[in-house]
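Try each task before you read its solution.

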Amino acid sequence: YYLARTNRSRELERRTAEKEIWEAKERAEVTLSSIGDGVISTDCSGLVTNMNPIAESLTSWTLAEARGKPITQVFSIVSEADGRPVANPAERALTEGRVVGLANHTILIDRQGQRRNIEDSAAPIRDRSGKVLGTVLVFHDVSEKHELLTRLSYQATHDLLTGLPNRVLFQEHLEQAMRKAKHNESLLVIAFLDLDDFKLINDRLGHAAGDDLLKHVAERLRAELRDGDMPSRFGGDEFSFFISDVRSIGQAEQIARRILKMITLPVELGGEQRTVHASLGLTVYPLDDAESSAELMRHADLALYASKDRGGNALSIFTKEMEDQQGRQIESLRIMESALVEGHLQLYFQPIVHQF
């Protein structure tokens with residue numbers, strides 16, 4: 001009787017334990033399937049032991065196909081920058097025995113060859129004694145987030161109408177080109193270009209025609225400049241560009257005049273052929289002893305205004321006299337404003353009478 005009762009008690013305990021284990025396993029499976037991230041677990045050898053449906057979807061591997069395969073085969077990741085393989089975080093977690101995060105800008109290549117931007121981390125699985133039994137890898141698709149950030153970054157550094165770099169990106173690359181020119185002991189040409197009578201085209205043919213003209217100018221600048229050079233649109237009808245690895249002032253002027261000639265070729269606007277003229281101002285570094293990109297851009301702008309003062313459709317190269325003249329004009333304006341405020345100016349009127 002005692003033995004029978006003991007056996008019944010042990011059988012009840014076994015069934016209760018089996019039920020608890022089954023329920024815990026069921027809860028774990030339900031939890032694993034409900035997680036919005038992909039989850040892959042491995043054993044201590046880095047072989048896949050389990051994965052949830054999200055992981056199956058993102059890797060294009062089913063659990064049945066992936067089980068027993070190396071994690072590096074199922075979870076293939078490369079760098080977005082150069083396409084080179086990236087150290088697998090699950091393997092690192094096994095080796096280092098700690099939580100390991102994935103480097104930014106990592107691409108997951110699924111079994112079908114589709115590429116996804118992902119973020120993830122891996123952690124070791126330990127028993128009660130602390131021994132590493134395997135790893136768990138958690139990851140999720142961030143392709144939409146990545147595309148949004150890429151789009152926002154592009155909009156912050158490019159002109160949306162023409163697709164050319166804007167002032168911010170131009171100045172950043174100009175500083176790099178200045179360092180390169182100084183290192184190579186070559187000349188760097190910085191140019192500002194402005195369309196003559198652009199407002200008249202807008203007023204007569206409409207803003208759509210004006211936009212077409214701006215895109216046309218951008219395309220011609222791209223066609224004339226080399227890959228290492230950079231065209232840019234600052235806004236309105238004002239463009240800029242730099243030309244690197246120039247050997248002489250004569251070569252710089254020759255290139256600039258060729259670009260100016262290309263800009264003035266006839267173009268169809270509003271259903272009619274139009275010849276558009278432009279003014280161009282440029283400066284040459286390091287012959288222009290400016291110390292910053294902002295100062296170089298200001299000098300090129302002064303040369304542009306000199307071309308405008310000559311009636312447009314002209315090219316001017318910055319000289320120190322242009323800066324001196326601007327200084328005198330600013331000083332004259334300051335004196336006149338001060339005289340007006342202090343009442344030092346007097347107005348005289350002398351009528352001219354024609355007698356018959």
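**Exercise 1.** Find the residue in β2 that stands opposite Ile 40.

*Solution.* The model is a predicted one. Start with the two strands: β1 covers residues 38-43, and β2 covers residues 48-51. They pair in the antiparallel sense, over 3 bridges. Now look across from Ile 40: Met 51 of β2 stands opposite.

**Exercise 2.** Which residue in the hairpin of β1 and β2 takes a positive phi?

*Solution.* Go to the link between the two strands. It has 4 residues. Among them, look for the positive phi: Gly 46 has one, near 80°.

**Exercise 3.** Which residue of β7 is the bridge partner of Val 39?

*Solution.* Turn to the pairing of β1 with β7, residues 132-141. This pairing is antiparallel too and runs over 6 bridges. Follow the bridge from Val 39 into β7. The partner is Val 138.

**Exercise 4.** Why is β1 described as largely enclosed by the rest of the structure?

*Solution.* First, take the cut-off: a buried residue has under 20% relative accessible area. Next, apply it to the strand: 5 of the 6 residues of β1 are buried. Therefore β1 is largely enclosed by the rest of the structure.

**Exercise 5.** Describe the whole protein in numbers.

*Solution.* Count the elements: there are 12 helices and 14 strands. Then take burial: 39% of the 356 residues are buried. The accessible area is about 21,600 Å², and carbon and sulfur atoms hold 53% of that.

Technical notes. Residues numbered from 1 in each chain as written. Predicted model: local features only at pLDDT ≥ 70, side-chain atom pairs only at ≥ 80, totals over all residues. Heavy atoms only, no water. Buried < 20%, exposed > 50% of the residue type's maximum accessible area, 1.4 Å probe, protein only. Pairing = 2+ DSSP bridges. Areas by Shrake-Rupley, 256 points an atom, 1.4 Å probe, with all protein chains shown as cover.
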